[in-house]
Amino acid sequence: AVVSTQSTGVNKRFKTPMFALLFVMVTATLFNLAGNVYSLINTASFTSFAFTSLCALGLIVLRRKEPDTPRPAKVSLFFPVVTILTGIYLFIVPWFTNTIMCGVWTAMTALGIPIFFVCVKGYFRPSCLLNLSGTITSFMGRILKSE
């Protein structure tokens, strides 16, 4: 798979996901060059709370659908509900103050959906894309000394 192979390279010495860290670093640097540090903070908060709320929602859904599944720790439903409500507030309020930034980052996040289905799930895997992916993965693995 294109995305999953490249994003799993782990540095042998530091045990960190080097491809993912490199991607975040490049993205943050480019975004910071285009704006200021406060834009980067607002953007990170906006998307972070959106996904944190979705994770809390997943916890509630799994608790409801699979109540007897063994879990290492059982969390009170108070915390996921508060997380979801806070996340909804922190997702909606920025739309009133900075609509363009919220629209751009929502669109960029939504672009990940077709990329996931095309590259990770494998609904469309042309051989040239797989060859390019393999070449990039091995090259970056040597540079970043990943496993």
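Helix α4 (residues 78–97) supplies the largest share of the nonpolar patch, 8 residues. Helices here are DSSP runs of H or I with at least four residues, and strands are runs of E with at least two, numbered from the N terminus. This is a predicted model, in which local features need pLDDT of at least 70, side-chain atom pairs count only at pLDDT 80 or more, and totals for chains, interfaces and linings use all residues. Residues are numbered from 1 along each chain as its sequence is written, and side-chain values use heavy atoms, leaving out hydrogens and water.

The patch lies on the surface and consists of Leu59, Val75, Leu77, Phe78, Phe79, Val81, Val82, Leu85, Ile88, Ile92 and Phe96. Together they have about 1000 Å² of accessible area. Areas come from the Shrake-Rupley method with a 1.4 Å probe, and for residues only the protein chains shown count as cover. Patch members need over 30% relative accessible area and no salt bridge; nonpolar side chains (Val, Leu, Ile, Met, Phe, Trp, Tyr) are joined within 5 Å, like charges within 9 Å. A salt bridge is a side-chain nitrogen of Lys or Arg within 4 Å of a carboxyl oxygen of Asp or Glu.

Leu59 belongs to helix α3 (residues 37–65). Leu59 is partly exposed, with a relative accessible area of 33%. Buried means under 20%, exposed over 50%, and partly exposed in between (1.4 Å probe, protein chains only).

Now back to α4. Its 20 residues should span 28 Å at 1.5 Å a residue, and the end C-alpha atoms are 29 Å apart, which agrees. The expected span is 1.5 Å times one less than the number of residues. In α4, Pro80, Ile84, Gly87 and Pro94 are buried. These four cover an arc of only 110° around the axis, so they sit on the same side of α4. The arc is taken from the directions from the helix axis to the C-beta atoms. Phe78, Leu85, Tyr89, Phe96 and Thr97 are exposed on the other side of α4.

The buried residues of α4 pack against α3 and α5 (99–110). Contact means heavy atoms within 4.5 Å. α3 has 29 residues and reaches 42 Å from first C-alpha to last, close to the 42 Å expected. Its buried residues are Thr43, Phe46, Thr47, Ala50, Ser53, Ala56 and Arg63.

Finally, the whole chain. It has 7 helices and 0 strands. Of its 147 residues, 18% count as buried. The accessible surface comes to about 10700 Å², with 73% belonging to carbon and sulfur atoms. Among contacts between residues at least 6 apart in sequence, 67% join residues at least 24 apart.
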